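Please look over the structure shown below with a view to its strands, its aromatic side chains and a few individual residues. The briefing that follows takes these topics in turn.

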Amino acid sequence: MPPENNLLSGKRQVSLPANRKVLFLICIISLCQLIGIWYISEWIATGKPKAFQLVELGPGRGTLTDDILRVFNQLASLLSKCDVSIHLVEVSPTLSEIQALMLTGGKLQPNPEDKSAYMKGISKTGIPIFWYRDIQDVPQGYSFYLAHEFFDALPIHKFQRTEKGWREVLVDIDPEVPDQLRFVLAPSSTPATENFIQPEETRDHVEVCPEAGVLIQRLASRLEKGGGAALIADYGHDGTKTDTFRGFRNHKLHDVLKAPGTADLTADVDFSYLRKMTQGRTATLGPIKQREFLKNMGIDLRLQVLLQNSQDTATQEQLLHSYDMLMNPKKMGDCFNFFALLPHHRLTHPDKKDNPQSRAPLVPVAGFGELLLK
């Protein structure tokens, strides 16, 4: 039997059903396409519902959704009986136009009948796409949610522990330097200090993103009611880091207080905070490093297959370069993390009165469990 037909997951041997063999075989060295495969894997694991929505938060230029649509098109026969739709949450008119051009080639309906969406189109592969300004406008139902480099761009509050207790870090005008900003500590406790610092906090410096907490609560509520899964991929930590607020301009570090509005500002995502803000409504997996996630998705074997099938030296070098960029701990391998939200029933067997030993094993969640070849 070929090695890809038998896998060990969680140190327990399982056989891949025929449709999951297809997923494994088409997996290529592309983070975007592996994410698409992750969603299809979850769709299969939950019994292939007749319809699903893919909802992306802050889709940028639309390239990630475009790659995922390419995966869906490659698996058209598998998805032939499933009603698939794409729902993009985007507040920027400029970016939504760029996304529309990328995904539909210009096939748009500016004023769709669905008033909650401000734009509608058809993808190049025939899948309907809708645009919204808020996640609450997206229809309820079985959905897959994607947030790729989204949460790290949301605004944060910064706090510092002092001898007088917690103080919020604020921005002030430097009285000694014209047109220069500076960080200062609030002279007394602020409403944010009272509401956002947890009693059990042990760090001396903390960054809190309330907007992220609200979004996670909404995602958890939607998954609890409608089913599906949410995958968050971002720079972050599990409640261990302190001061991560920084700016980038022209791909270089930039002082966050200089020339406001000319640089991208970011802060690492605190996944422990996101986990806490689910309030137990969903199960959570991760965060795990990108290199672990991709290894669990079978990237090593696929690299070997692609290298063996390629006779072109330049192509082989590009494959190895791409692999190194994704997996090297000093590059993207360790600084990027994956975190998932799933309904509790996805990870637990329903209570049954019959013999528990007769229950079929749960299908492992792709990417979050060790995947070993037999």
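In which strand does threonine 266 lie? Threonine 266 lies in strand S16, which spans residues 264-266. The model is a predicted one, and the points below should be read with that in mind.

- Threonine 266 has a relative accessible area of 10%, and because the limit for a buried residue is under 20%, threonine 266 counts as buried.
- A polar contact of 2.8 Å joins the side chain of threonine 266 to the side chain of aspartate 152.

**Aromatic pairs**

- The count of aromatic pairs comes to 13, and one of them is formed by tryptophan 38 and tyrosine 39, whose rings are 5.3 Å apart centre to centre, with 80° between the planes, in an edge-to-face arrangement.
- Both tryptophan 38 and tyrosine 39 are buried.
- The ring centres of tyrosine 235 and phenylalanine 336 are 5.0 Å apart and their planes stand at 90°; because planes over 60 degrees apart count as edge-to-face, this pair is edge-to-face as well.
- Tyrosine 235 belongs to strand S13 (residues 228-237) and phenylalanine 336 to strand S19 (residues 336-342), so their pairing ties together parts of the chain that are 101 residues apart in sequence.
- Tyrosine 235 is partly exposed, at a relative accessible area of 21%, whereas phenylalanine 336 is buried, at 1%.
- Ring pairs link a cluster made up of Trp38, Tyr39, Trp43, Phe52, Phe72, Tyr142, Phe144, Tyr235, Phe293, Phe336, Phe338 and Phe368.
- Tyrosine 118 has the charged end of arginine 133 over its ring, at 4.0 Å from the ring centre.

**The open sheet S11-S10-S9-S12**

- Four strands, in the order S11-S10-S9-S12, make up an open sheet with antiparallel pairing.
- Strand S11 (181-185) and S12 are the edge strands, each of them pairing on one side only, and the twist from one strand to the next averages 30°.
- Strand S9 (residues 157-162) is paired with S12 over four bridges in the antiparallel sense, and phenylalanine 159 stands opposite valine 206 in S12.

**Cysteine 209**

- Cysteine 209 is located in the loop between strand S12 (205-208) and helix H6 (210-226), and with a relative accessibility of 10% it counts as buried.
- Although cysteine 209 and isoleucine 156 are 53 residues apart in sequence, they are 4.4 Å apart in space, taken from C-alpha to C-alpha.
- Apart from its neighbours within four places in sequence, cysteine 209 is in contact with Leu154, Pro155, Ile156 and Tyr273.

**Strands S3 and S4**

- Strand S3 (residues 51-57) and S4 run parallel and are joined by seven bridges, with isoleucine 86 in S4 as the bridge partner of leucine 54.
- Strand S4 (residues 83-89) is mostly covered, since six of its seven residues are buried.

Notes. Residues numbered from 1 in each chain as written. Predicted model: local features only at pLDDT ≥ 70, side-chain atom pairs only at ≥ 80, totals over all residues. Heavy atoms only, no water. Phe/Tyr/Trp six-rings, centres within 6.5 Å; stacked < 30°, edge-to-face > 60°. Buried < 20%, exposed > 50% of the residue type's maximum accessible area, 1.4 Å probe, protein only. Helix = DSSP H or I, 4+ residues; strand = E, 2+ residues; numbered from the N terminus. Lys NZ or Arg CZ within 6 Å of the ring centre and 35° of its normal. Contact = heavy atoms within 4.5 Å. Pairing = 2+ DSSP bridges. Axes fitted to C-alpha atoms, helices over the stretch in contact; angles between N-to-C directions. Polar contact = N/O pair within 3.5 Å; in protein donor to acceptor, adjacent residues only side chain to side chain.
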